[in-house]
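Me: Zoom in on a single part of this model for me, please. I'd like to know how two packed pieces of it sit against each other, and what else touches them.

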Amino acid sequence: MDPRRERARSHGLTGVDVDAALELLARVPCVLVFLAALTVVAECASIAGLFDLLGTKVVALARGRIALVWVMFMATAVLVTAFLSLDTTAVLMTTASVVVARRLDRPVALFAFPTLWIANMASLWLPVSNLTNLLARDVLPHPNALGFLEEAWPVALTTTLVPLPVAAVVWRSSLRGTAVAPAESAPPQPAQDGVLPAVGTLVACMCVSILLVEPAVAASVAALLCVAVIATRRRSALAEIEIPWRSLAITSALFVTVALVHGSGVLRPALGSLGDAPAWTLTAAGALVANGLNNLPAYLALEPAAHGETDRVLALLVGVNVASGITWWGSVATLLWRDRLRRAGVRIRWGTHLRLTGLDTLVTTLAAAGVLELVTR
């Protein structure tokens, strides 16, 4: 058996000790550095007006046709999720969704809910698409970005495409018609100080480089260069860059807790049972633990039962990524999404979220599990 798989099988199943817990914690710093750096890049892109420009261009290219605007906006959200992570989608694309919906005089939910679904469910394309993917690549046979894509693309394509028809059916009446042509409203132009093209170029370069080099390194270099651009050309905007210290602290605490639990051996019986069960049970377990706690600790807690086998790791990722958005706390992206809507004056009722997101989550998770079963048979 491959040494990587043998090591993954031994974690939590054959006598986990302090060394195993420390080995688990050693995987955390790169994830946290990537999260912090990518947040800085996203903040700089927002300051530069990159996402505002994308929203404006989408409406203009669609010539106000609601259905086409919606499809193009969701396609943009998919690309942002794949290359800049689901958290970037939850923060910046959610804000853009409110702006676009109000500009087209359509319900905010038409754009906001599918944006959340894309953020969580379409986050299986690359290691950088979700922090759980960055953790998963450590136990996969091919840990680089292209290797991950080669293994995950059938499931990723499924979880990207399935939510959209569901959303189209739910909001079919709102997708009809044409809005006022964008040219008639003449949106304000961004400052002509060169920040937008410079930051846009850096973001594009980062999206390419994360396919070839360590994501934390690519994101860190891009963050430093983006901050340098802001500092030299729009210094007053530096104060707008917010590093998510609270999220980083909470995430770190969750990682430490999971490591201690693993070290104690408490999870050994449950992991042993899951380790002998079919792959779909990992999807179900991942969904339950993620929605009950959070998807990051859920993945680490259940990872040993996947044995480092590609189909089982992907099955677990479906559970902790695709199915984690039902509760507010199941995914950090869902919390960020809800916070951005609140800032924009949009209140989402728990019952509405549970009904809409629960339905889409169930349909998409079942579709992903079915595709995974077919491609690994």
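Reply: Handedness first: a crossing is left-handed if the near helix is turned anticlockwise from the far one by less than a right angle, and right-handed if clockwise. This is a predicted model, where local features need pLDDT of at least 70, side-chain atom pairs count only at pLDDT 80 or more, and totals for chains, interfaces and linings use all residues. Numbering runs from 1 along each chain as its sequence is written, and side-chain values use heavy atoms, without hydrogens or water.

So, α4 (residues 50–61) and α5 (residues 66–84) cross in a right-handed way (helices are DSSP runs of H or I, at least four residues, numbered from the N terminus). The pair packs at about 150°, axes 8 Å apart (lines fitted to C-alpha atoms over the stretch in contact, with angles from 0 to 180 degrees between N-to-C directions). That makes α4 and α5 roughly antiparallel (over 145 degrees; under 35 is roughly parallel, 65 to 115 roughly perpendicular, the rest oblique).

Who touches whom (heavy atoms within 4.5 Å)? Phe51, Leu54, Val58, Val59 and Leu61 of α4 meet Val69, Met72, Phe73, Thr76, Val80 and Leu84 of α5. By class that's 10 nonpolar, one polar and no charged residues (Ala, Val, Leu, Ile, Met, Phe, Trp, Tyr, Cys and Pro are nonpolar; Asp, Glu, Lys and Arg charged; the others, Gly among them, polar).

Now for a neighbour. Thr88, in α6 (residues 86–103), contacts Phe51 and Val80, and also Leu38, Ala42 and Met93, leaving aside neighbours within four places in sequence. With a relative accessible area of 5%, Thr88 is buried (under 20%; exposed is over 50%, partly exposed in between, 1.4 Å probe, protein chains only).

Terms used
Helices (H or I, at least four residues) and strands (E, at least two) are DSSP runs, numbered from the N terminus. Contact means heavy atoms within 4.5 Å.
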